[in-house]
Structures are given as structure tokens and as C-alpha cells.
Amino acid sequence: MKSHSEIKMWTPSTVLFVLLIALGGIVIAYRLLYGLGAATNLNDRFPWGLWIGIDVLGGVAMAAGGFLIAGAVYILNWKKYKPIVRPAILNAFFGYALAATAIMFDIGLPHRIWHPVVMWQIGSVMWVVAIHVVLYTTTLATESSPMVFEKFKMRGALRAVEKIMVPIVLFGILLSVLHQSSLGAVYLITPGKLSHLWYNSSLPTLFLISAIMMGLSMVSLESIISGRAFGHAPDKDILSGLARGVLITTVVYLLAKISFLATGPGIGAAFAGTMEANMYLLEMAVSVLLPLALLAMKSTLESESRLLLVNILVVVGVLINRMNVSIFGVYRDQAATGMSYFPSFMEFIVTLSFISMAVVGFKISVKYFRVLPDPKA
């Protein structure tokens, strides 16, 4: 593994990410000055777009690996996964921090983002989502704090956090499970608008299961990419364990989706040839069928490149699912009013900027803090 001094910050890829961050900052400033209407293609019929579908719904699902790995290490005492607990939690922190940022810029009055903290509306699922973001982002920051205390030799603070780490992780698991499912519950307020291919009372459960799929895949994906970027070989036993977790969860997800179709709109609805049906088939092919076909081969568990492909498929497939629920699934009903929606170039820039911030933030953390396991340990 490369030492901290050997990690070069200003590589061509990092420069590109920083430029995207700067460009995103300009767009965000423009949005704050001139409003959502000037910076986005959102309208009264399409009030939620790319920033909610990808940055919030997708970003939160990507962060599910944090509570899964933290629970495995601190609660179940699965020591095999201890080497990846810090990067998993750190990735989850960046995911939630950027999701919170996206929410702030997507609401009409960003300066009122703090209102849910003091103005409780316990009967509102939107308030539940907001307060979960606040609490779990704070929890992830606490779980990530030991590497900061180590860096600055704050031994007293480090000992204090380590003593309460188990209850913190338990609280984080509770928050994350509730939050992943509550994001699905938000769309239960759209009966008659969201396509029957996705609308169902089981939507919160499906959101949770698919988030677990994506979270495990993101942890594996990060392990492989950071291994290649920072010169350390990912533990094959860890990667195969994560892959088995993805396999089990994906099978459960497939059975749940089939059951939903069979008892709801019918299997034939997925093959109706409509835009919604085609997007549904694309989602299932990318997130479920192709990964299952690859994971069914024993050779996949022994191949880092194949596992990388599986992880990419699951991540992209779940992102398609979130876009299906947030945009494509409601498009026909909303467009019937004569309005349409396609993200503006500014919306794409901000999304790319948020992703770039997470990548650069992770790289800075690896360079200056003990995030990755010490091979000498």
C-alpha cells in the first residue's frame, strides 16, 4: 500500500474533479441568486427531478453500506470485515452529507433548511425523512471521528467515542433502516400518479432491500477501486463475502418484485411495451438478472474484474430504480397536463459536482488520516 506521502493529490483525474466542483459551485451560486426556475427545468407538475432521484434517493441508498458494515463489525463481531469498516462509514458520511446538501438546494427556500429540526411535524413522512438525514449524518460523523482524534492525538476524545461506539452504531442502524424505507414511503402519497409497476404498499420494504443490495455493492466497489488507486490489494475473502451478501439480497429482491407483480398489476404488465414497462425491464435486467447470472458462476467470486462488473451493474440498476420511481413512473400522469421535464445542463453539472466532492473528499481523507487498513498490522 502507498504511504500517505506517496499519494499524489494533483493527478489529472483529481484536477478534473476539482474543476467539476468549481463549476458546480458557480451553478449553485446562480441557483441561489435566481431560483430553481432559472437553474433547472423543474415545474409545478415535475417539482422533483434529477437532484432528488439521483443525489438524494440514490445517494442515500449508496450510503447503506455504512450501517451494514458497522453492524457486522461492532454488533455481530465479524472481525473479517474490520479492515473496511472505516472506508464504509466514511463513504456513507459523504453520501448523506451530499444528499442533505442536494435537499437544501432543491427546496424553494434553502435558508429554511433548518426548520424541521425545531418545527416538528411528526405526522408528516417528509419530516421523518428530514430528521433522519440530520440525525444519521451526525451519527456517521461521530462514527468517523476516531480517525480525526487519532490524527491530532486527542486520546481522551478517542477513548470516549470508543466506549460509546456500540450504542452509536445501534442507533445508526435503527435510523438508517427507518430512513431507507421512509424514502419509499414518501411515494405512497402518489396513488394514481405513480405507475402501478412501482406503486404498492410494499414500496418502503423494496426500497430497504434494494438499498442493502446497493450498499454492499458500493462497499465492494470502493474496496476494489481504492485498492487500485492507492496500491493495496483488497482482501479476496472480504470481497467474496460481500458478493455472497449481494447474491442473497438480490434473490430476496427478485422474489419480492415477482410477488408484487403477480399480486398486483400482473406479470404481463412488465411486457406491455410501454415506456414504463421498458424502463421496468431495464431496471430489473441491470440490477437483478445480469448480476445474478454472473454471481451464479463460481469463477466470479474469484475474479476481481467480474466482481467489479457486478458491483457497477447493481449500483447503476438501483439508480435506475430510483429514477423510475421519482421521474419515469409518474411521467405519463404528469405529462398529461401538457408539461414535460428533462434535466437542464445545470442539474447535470451539480450532480457531477456532488459526486466529485465525494471522490475528492475520500482521497483527502485517505491521504491525511488512517482510513485504509495498515498492511503491517
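Let's start just past helix H10: there, glycine 231 takes a positive phi of about 70 degrees. Keep in mind that this is a predicted model.

H10 itself runs over residues 203–230. With 28 residues, H10 reaches 39 Å from its first C-alpha to its last, which is close to the 40 Å expected at 1.5 Å a residue. Is this helix mostly covered or mostly open? Mostly covered: 23 of the 28 residues in H10 are buried.

Step back into the loop between H9 and H10 and you'll find threonine 190. Threonine 190 is buried, because its relative accessible area is 15% and the cut-off for buried is under 20%. The C-alpha atoms of threonine 190 and valine 330 are separated by 8.6 Å, although the two sit 140 residues apart along the chain.

**Helix H7, the one with a bend**

H7 covers residues 125–151. At the start of H7, serine 124 has a side-chain oxygen that reaches to within 3.2 Å of the backbone nitrogen of methionine 126. Further along, the helix bends by about 40 degrees at serine 144, and proline 146 follows within four residues. How does the span of H7 work out? Its 27 residues should span 39 Å at 1.5 Å a residue, and the end C-alpha atoms are 40 Å apart, so the two values agree. After H7 comes lysine 153, with a positive phi near 55 degrees.

**Salt bridges**

Side chains of opposite charge can pair when their charged atoms come close. A search of the whole structure finds six salt bridges, and the table gives three of them.

| Salt bridge | Distance between N and O |
|---|---|
| Lysine 80 – aspartate 237 | 3.9 Å |
| Arginine 370 – glutamate 150 | 3.1 Å |
| Glutamate 276 – arginine 332 | 2.8 Å |

Take the pair of lysine 80 and aspartate 237, whose side chains meet in a salt bridge. Lysine 80 lies in the loop between H4 (64–75) and H5 (85–106), while aspartate 237 lies in H11 (residues 236–263), so the pair ties together parts that are 157 residues apart in sequence. Lysine 80 is partly exposed, with a relative accessible area of 30%. Aspartate 237 is also partly exposed, at 39%.

Next, arginine 370 forms a salt bridge with glutamate 150. This pair links distant parts of the chain, with arginine 370 in the segment after H15 (345–368) and glutamate 150 in H7, 220 residues apart. Arginine 370 counts as partly exposed at 42% relative accessibility, and glutamate 150 is partly exposed with a relative accessible area of 26%.

Then there's glutamate 276, which forms a salt bridge with arginine 332. Glutamate 276 lies in H12 (residues 275–295) and arginine 332 in H14 (residues 304–335), so this pair ties together parts that are 56 residues apart in sequence. Glutamate 276 is buried, with a relative accessible area of 6%.

**A nonpolar patch on the surface**

Tyr74, Ile75, Leu76, Trp78, Val166 and Leu170 form a nonpolar patch on the surface, and together they have about 540 Å² of accessible area. Which helices each supply at least two residues of this patch? H4 and H9 (165–186) do. One of the patch residues, tryptophan 78, has its place in the loop between H4 and H5. Tryptophan 78 counts as partly exposed, because its relative accessibility is 47% and only values over 50% count as exposed.

**Two more places to look**

Serine 344 has its place in the loop between H14 and H15. This serine is buried, with a relative accessible area of 9%. A polar atom of the side chain of serine 344 lies 2.8 Å from the backbone oxygen of alanine 39.

Finally, find valine 18 in helix H1 (residues 12–34). Valine 18 is partly exposed, with a relative accessible area of 28%.

Technical notes. Residues are numbered from 1 along each chain as its sequence is written. This is a predicted model: local features need pLDDT of at least 70, side-chain atom pairs count only at pLDDT 80 or more; totals for chains, interfaces and linings use all residues. Side-chain values use heavy atoms; hydrogens and water are left out. A salt bridge is a side-chain nitrogen of Lys or Arg within 4 Å of a carboxyl oxygen of Asp or Glu. Buried means under 20% relative accessible area, exposed over 50%, partly exposed in between (1.4 Å probe, protein chains only). The expected span of a helix is 1.5 Å times one less than its number of residues. The bend at a residue is the angle between axes fitted to the seven residues ending there and the seven starting there. A polar contact is a pair of N or O atoms within 3.5 Å; within protein, one must be able to donate a hydrogen and the other to accept it, and residues adjacent in sequence count only if both atoms are side-chain atoms. Patches are made of residues with over 30% relative accessible area and no salt bridge: like charges are joined within 9 Å, nonpolar side chains (Val, Leu, Ile, Met, Phe, Trp, Tyr) within 5 Å. Accessible areas come from the Shrake-Rupley method with a 1.4 Å probe; for residues, only the protein chains shown count as cover.
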